[in-house]
Amino acid sequence: MSTKHKFQEIKEVITAKDNDSTLKALSQSDKRLMELTDSIQRAEQIEIFQGTALFVDNESGEFIGPIAEGTMGIILYAGSAKKIKEDGLNSADAIRIPRLLQLDELLNFHIAEISYHEGIQAEKAADLSGLGGAKCMLRPGKPNYHATIPGGDRSPCYVGFYLSPNAKYSLALVSEKQAWPLEFANYLRQVGYEPKDLYAEITRFTSLDIQNRAVDRSDTLETLLYLPDLRKRKQKTRKAHEEAEINAQQSASKLRSLGRSIIEEAYTRKDIGGWWFNLPICLYSWMTSDMERLLTGLLDDDTTSNNAGSENSATSDAKLLSSWRPITWLSLARTLTLGLSALHTKGLIHGDPRPANIMAKLSEEDVLLPDHFRWIDVGLGYGHVSANSTEPDGRITQTPPAPLGGGRVTPFYAPERVESVEFEDADMVRLSKRSDGYYKLEFLWKRRTYEEPVSLFLKDSRGKPLRELGKLGKGDRIQLREFIFDVERVEADHVVVSRIYEVVLDRVLIEHKETENEASIINKLQNVAISRYRVFKQWSQATDIFGLGILVLYMFFIRGLFLRKQYLKKESPSSTHSEFYLEKSSRERIFHELSTLIRSQIFLNGFIAAIKERGKYTNKSQLWQKDVLMPLAHDYKRENFTAKANPAHPERIQQIVDHVLTMDANFTTVLMGANRNNGLFVLIIYFCLSCVWRRDEVSDLLASEFPFEPYCDSREIITDKENRSKPARRAREDLELLCELINAAQINEDISSDELGNYSSEIILRSRNDQMQIALENAQKSMREVQDKEAKISSMERILTEFEESVRLKDMSIEEFREQTEKLQQEQQKQKDRIREEEKKARHLETENKRLQEMLARSQEQLNRSIFRIFKNEPGTKS
């Protein structure tokens with residue numbers, strides 16, 4: 001059923017509210033839709049853009065309708081109540097404002113400034129294929145002629161947004177005569193602030209901005225206006241006491257102005273909330289679902305629940321992806337690549353390519369096609385254009401420094417997109433001014449602590465980088481202490497830098513242009529000791545292409561898990577299958593390991609070597625053929641399949657796949673997502689590698705027997721108009737070729753249940769450490785099995801020898817047996833004779849020994865007698 005027809009049915013239910021049975025028959029999502037539609041019809045419409053209004057409460061000004069929040073922006077539901085009444089909620093738009101909820105005004109200005117220039121870039125991306133650019137943008141500086149106070153005159157108003165973490169967001173209008181809504185008007189009355197005075201103050205500040213822009217010929221967010229709310233919303237007391245407390249602080253309740261001209265004061269005020277005027281406002285198409293939620297919904301949402309009331313829109317939308325085949329997912333990747341190509345052609349960079357920044361708007365038929373998806377947040381890379389660029393109309397646009405980023409970590413970010421890296425290979429720095437207006441930044445080091453420092457060489461005589469500093473290029477940044485420098489180029493022994501910024505609150509950059517500040521900074525950085533320095537690398541077209549490659553890998557990874565889940569549900573619907581599925585955090589950790597692995601030099605070299613040596617391919621054109629995709633696993637069973645009909649040699653492709661699975665068994669999930677087609681799996685991995693690697697990183701493979709050529713030459717930004725979209729075009733061409741090969745090979749089939757069952761048991765997600773532990777245990781088990789087999793073999797050999805001996809004896813004749821017996825008897829008799837002779841000799845020796853002992857005893861006795869006689873007959877001896 002189409003969304004429009006479904007909406008008509010709900011309208012019929014609204015007209016028959018008294019029918020309780022009809023209301024009970026509605027699902028929870030339909031009830032919410034009915035309630036939202038009813039609220040919009042009763043809401044006040046405040047037109048912000050021509051034909052597009054915000055829906056707010058008449059008394060409080062609070063917004064009615066869905067509200068979405070990101071890190072930098074708040075998305076408000078908008079549109080025309082008449083169109084929504086006729087066509088349903090899919091006709092709605094979205095209005096984006098900065099998310100100013102920081103406790104520090106300086107940080108709030110920083111966010112508003114980013115949103116301002118993001119909106120300028122997003123407006124350039126409007127109506128481009130594959131991009132969710134801004135339809136239009138309201139730059140601050142003039143009253144809004146579309147917004148008028150309900151029930152009042154048609155005078156233009158300044159639009160204010162009440163933003164506070166402790167209260168609901170709301171809208172406020174102020175004209176020369178009155179303020180709206182009643183709550184805002186009462187507050188102005190309490191603090192003694194007349195609407196005409198507030199209107200005049202806003203006009204004065206914005207007029208100064210217009211004059212400054214005319215003089216500087218710049219397009220920057222000059223002033224942000226803020227009216228703090230001094231009411232204590234958490235602890236309301238009696239009205240008289242509240243009014244007295246507010247009146248005592250009237251001096252603090254006046255309109256405040258924030259801008260880069262006064263930002264160096266770096267003051268902080270801890271106001272919780274208030275009304276913000278002069279905000280940049282962007283208009284977008286309202287999108288219904290983002291890719292991250294849809295992919296997560298495929299695995300985590302229970303779409304087979306028996307409770308119809310538990311169904312939600314996220315689950316329903318995710319079900320629309322369940323029937324997608326591999327070629328459909330590749331078509332989605334092609335659509336996204338078209339968006340990046342269009343963005344790069346405009347000289348813009350997305351900078352934040354991840355599933356959460358891809359959204360879709362469902363069609364009236366409730367179908368989800370690849371062409372329905374768009375990149376959103378397309379203006380985050382605004383800071384990577386020139387600081388002073390010329391627009392087509394000749395107007396010079398000045399931009400503030402690009403933000404340092406929020407430090408988010410995700411596998412879809414390229415190495416240069418991740419937060420800065422620290423180094424400690426220098427002991428001192430020296431900053432000096434050059435004659436061409438740039439600065440010379442030297443890094444020094446000491447061989448010993450008591451020696452004089454010497455220059456740290458960054459490149460050798462051939463220009464080859466010796467350390468990370470030598471790899472920097474134009475657009476990169478270096479942070480020393482509280483200062484940040486834009487890199488222009490790197491010489492052999494120093495870095496040429498340009499703009500100088502001071503970092504405030506670790507996030508806000510203040511540029512120093514005055515001569516006094518410049519001299520002070522140079523003096524501070526003259527032969528000064530440092531403990532470390534930080535490097536911020538620029539984002540470029542290569543950053544977006546990197547994210548595209550990881551995104552394609554993620555799509556097939558999730559699809560493989562989904563197919564596994566579908567099979568298990570079919571086999572045993574009552575089981576939760578928790579033993580087969582990890583929680584979301586663990587699943588993401590496993591995928592992070594896979595994405596890290598394909599950026600490993602070992603994996604890349606091994607994969608290319610497997611293509612060359614095992615696959616016997618010599619170039620890319622040989623690999624990217626339809627024969628490589630044939631046959632599917634079940635094609636081997638087809639009667640018309642012969643080896644001659646398939647010159648691609650599927651066993652070679654199988655060897656390449658085996659090599660990949662050896663590196664990490666979790667790639668089995670990606671293979672499953674590719675319908676177990678080995679050739680498609682190999683080409684998907686090849687595409688991802690071509691996205692995440694750059695040519696200057698694989699120079700040795702460019703001239704190999706199988707030349708590997710990534711889409712991007714380097715991580716440096718491409719400024720040439722003819723070539724800046726070249727990487728995205730090359731990626732798009734390969735995706736289109738892959739879709740053509742799938743169609744030509746006629747392999748775009750659903751995987752059968754039998755194959756799914758035979759293969760899905762292999763998908764058990766494990767971390768790489770677990771895989772290594774299991775491999776070690778298997779190796780030890782195999783060794784023990786080998787030892788047991790060797791012991792059994794030795795035992796069998798002994799038994800065989802004894803058996804052979806017994807057989808030999810059995811086969812001998814009786815005569816031979818007798819002869820052998822007689823020989824044995826003779827040998828035994830000889831042994832007995834020898835034993836008798838030995839015994840006889842022993843008895844003889846024993847007799848002789850006794851005789852000799854007797855003779856010795858007699859001789860000793862005679863000797864004793866002779867000695868006695870001698871002493872007895874000695875002369876001169878008296879008796």
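Helix α15 makes a right-handed crossing as it passes α17. Helices here are DSSP runs of H or I with at least four residues, strands are runs of E with at least two, and both are numbered from the N terminus.

Before going on, the ground rules. This is a predicted model, in which local features need pLDDT of at least 70 and side-chain atom pairs count only at pLDDT 80 or more, while totals for chains, interfaces and linings use all residues. Residues are numbered from 1 along each chain as its sequence is written, and side-chain values use heavy atoms, with hydrogens and water left out.

Overall, the protein chain has 24 helices and 28 strands. Its length is 879 residues, and 46% of them count as buried. Buried means under 20% relative accessible area, exposed means over 50%, and partly exposed is in between, with a 1.4 Å probe and protein chains only. A contact means heavy atoms within 4.5 Å. If you take contacts between residues at least 6 apart in sequence, 70% of them join residues at least 24 apart.

Back to the two helices. The α15 and α17 axes come within 9 Å of each other and cross at roughly 165°. The axes are lines fitted to C-alpha atoms, for helices over the stretch in contact, and the angles run from 0 to 180 degrees between N-to-C directions. The pair is therefore roughly antiparallel. The cut-offs are under 35 degrees for roughly parallel, over 145 for roughly antiparallel, 65 to 115 for roughly perpendicular, and oblique for the rest.

Which residues of α15 and α17 meet? From α15 there are I602, F603, G606, F607, A610, I611 and R614, and from α17 there are R652, Q655, I656, H659, V660 and M663. Take H659 as one of these: it sits in α17, which covers residues 650-663. Leaving aside residues up to four places away in sequence, H659 touches G606, F607, A610 and R614. H659 counts as buried because its relative accessibility is 15%.

On the α15 side, look at F603 and F607. Both are in α15, residues 601-614, and they are four residues apart, about one turn of the helix. F603 is buried, at a relative accessible area of 1%, and F607 is buried too, at 0%.

Now Q601, also in α15. At 32% relative accessibility, Q601 counts as partly exposed. Again leaving out residues up to four places away in sequence, Q601 touches W693 and E697. Q601 and E697 are 96 residues apart in sequence, yet 9.4 Å apart in space, C-alpha to C-alpha.

Next, the rings. How many aromatic pairs does the structure hold? It holds 23. F603 and F607 form a stacked pair, 6.3 Å centre to centre with 5° between the planes. Rings of Phe, Tyr and Trp (its six-membered ring) pair if their centres lie within 6.5 Å; planes under 30 degrees apart count as stacked, over 60 as edge-to-face, and the rest as tilted. Ring pairs also link Y162, F184, Y187, W275 and F277 into a cluster.

Two charges sit over rings. R417 lies over the face of W539, 3.9 Å from the ring centre, and K620 lies over the face of W624, at 5.3 Å. The test is NZ of Lys or CZ of Arg within 6 Å of the ring centre and within 35 degrees of the ring normal.

Last, the backbone. Most residues other than glycine have a negative phi, and most peptide bonds are trans. The bond joining W180 and P181 is cis, with omega about 5°. P181 lies in the loop between β9 (179-180) and α6 (182-190).

D127 is not a glycine, but its phi is positive, near 65°. This residue is in the loop between α5 (105-124) and β6 (136-138). N278, also not a glycine, has a positive phi of about 65°, and lies in the loop between β12 (274-277) and β13 (281-285). Is each of them buried or exposed? D127 counts as exposed, at 81% relative accessibility, whereas N278 counts as buried, at 9%.

Conventions
A crossing is left-handed if the near helix is turned anticlockwise from the far one by less than a right angle, and right-handed if clockwise.
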